Amino acid sequence: MTQGPKAAHAPDRVVDAQVNLASLLAIPRSFVEHQAANVHHRLDAYGVGARLSRVRNQVFSLYEDDDADRLVAEMDEAGVDQAFLIAPDYSQVADCALTQPELAALHDRVNRRHPGRFHLFWGVDPRGGQDGLDLFERCVTEYGFAGMKLYPPCGYSPSDPRLYPYFERCAHYGIPVLTHTGPGWGPLDFTFGSPLLVDRAARDFPGVDFILGHGGVTHVDEAAYLCAHRPNVHLDISQFHSVLSADGWQSHVNRLFRAGISHKILFGTCWPSFRLSESLGGLVKEFSRGAPAVAGLREADRKMIMSGNSLRLLGRKPVEQWGGRR
C-alpha cells in the first residue's frame, strides 16, 4: 500500500533494528502515562511551566498510529528501507487493550498493509505457558514473524529455563531473539536488564542469534564484552541519542564502532518514542558518510552497521536438528 523511500533521500540502505507501533492498541496506557510524567518532570526541573494535562495530551497524541501509516511515512522521508517492528509482551504487568492473539493479528495486518517494510518480532513471556508457546509458533508459521522479542524488566531473566522451548523453536526456524537491556518503565524491575543475564541462554543455544536491545547505550561494557566473546551475541544502538555521556552521544557511539565489533552492531532508533524532540530523518543523517558518529570508520563497516548486520541475522539458516543445544 505504500511506496519505498525516495532514492534521493536514501543513497545508502538503512535498516532500523528497533521500531514500535505507536498505538494504544499495542502499548499499555500506563506506559504512556509514565512517559508523560517523565516529560513533565524534566520540563519542571528546567523551570518550564507546562501543565501536566497539556504534556499528557501531547504525549498521548503520539500514540494514534494504529495502522503504522505515519511510521512508514517517516521512514520514507528519512530513507529507512526496512525496520524490525517489535511487539513486546506486557500482559503480565499491565492492563492491555488487546489480548495477545488480537495483538498478533493487529501486527500481521500492519505488515500486510505495508509489504516489504517490516520484519516482525513477537514478544513472549515465560509465564505464558503452553498458550504462549503455541501463539509464538503461529506467529512464525502463519504470520511470518521474523524474530522473537523479550522484555525481561517485566520480571524474568532472559535465560529463564521456561524460555528454552521458545529458543528451540528459534533455532529450528533460524530466527533471532531481540532482548531488552537496561532500564524499563514505571514499576518494572531494572535488575533484569543486565546483558550478562543472556549469557547462559547464548551458551546453551549456540544456533540462536541474540541481539542486546539498547546494548550500545546502557551496560555498554558488558554488552560489548559478550559480543566480542560469544559468536551468537550482537547489540543494537537504539536510543543512542539519549546516552549518558559527558562528551555527547556521537563520541560515545564512535568509540563503540571502533572497538572491533562493528560486525556485531545494528543501527536502531526505538522510533517513534522520541517524536517530541527529534525527527527520524535527523537521526539517520547523523550516520551519513563523514558524520562525527562514524568518523574514522571504514565505509564497509558503516554499511554493515546501517543495514548489513541486520539483514544477515534475518537470513540465517535453521539448524538441522530440532533444538539449539549442540
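The largest cavity has a volume of about 40 Å³. On a 1 Å grid over the protein atoms alone, a cavity is a set of points where a 1.4 Å probe fits but cannot get out, and lining residues have an atom within 4 Å of a point. Grid points are joined across faces, edges and corners, and a volume is the space filled by probe spheres set on the points. The structure is a predicted model, in which local features need pLDDT of at least 70 and side-chain atom pairs pLDDT 80 or more, while totals for chains, interfaces and linings use all residues. Residues are numbered from 1 along each chain as its sequence is written, and side-chain values use heavy atoms, with hydrogens and water left out.

A search of the whole structure returns one cavity of 30 Å³ or more. Leu25, Ala26, Pro88, Tyr90, Cys96, Leu98, Gln100 and Leu103 line the largest cavity. Its lining comprises seven nonpolar residues, one polar residue and no charged residues; Ala, Val, Leu, Ile, Met, Phe, Trp, Tyr, Cys and Pro count as nonpolar, Asp, Glu, Lys and Arg as charged, and the others, Gly among them, as polar.

## Largest pocket

The largest pocket, an open set with protein on both sides within 12 Å along at least five of seven lines, has a volume of about 1,400 Å³. Its lining consists of 45 residues, and those nearest the centre are Asn38, Gln239, Ser242, Ser273 and Phe274. Strand E1 (15–20), helix H1 (29–45) and strand E2 (82–87) are the elements that give two or more residues to this lining. H1 contributes the most, with seven residues.

By class, the pocket lining divides into 24 nonpolar, 17 polar and four charged residues.

## Fold and sheet

The chain has eleven helices and eight strands, taken as DSSP runs numbered from the N terminus (helices H or I, at least four residues; strands E, at least two). Its radius of gyration, taken over C-alpha atoms, is 19 Å, close to the 20 Å that the globule rule (2.2 Å times the number of residues to the power 0.38) gives for 326 residues, so the chain is as compact as a globular protein of that length. The C-alpha trace spans about 60 × 45 × 40 Å along its principal axes.

An open sheet of eight strands runs in the order E1-E2-E3-E4-E5-E6-E7-E8 with parallel pairing, where two strands pair if DSSP finds at least two bridges between them. E1 and strand E8 (265–266) are the edge strands, each pairing on one side only. Strand E6 (residues 210–213) pairs with strand E7 (residues 233–236) in the parallel sense over three bridges, and phenylalanine 210 stands opposite valine 233 in E7.

## Backbone geometry

Tryptophan 271 and proline 272 are joined by a cis peptide bond with omega of about 10°. Proline 272 belongs to the loop between E8 and helix H10 (280–285).

Alanine 68 is not a glycine, yet its phi is positive, at about 65°. Alanine 68 lies in the loop between helix H2 (52–60) and helix H3 (69–78).
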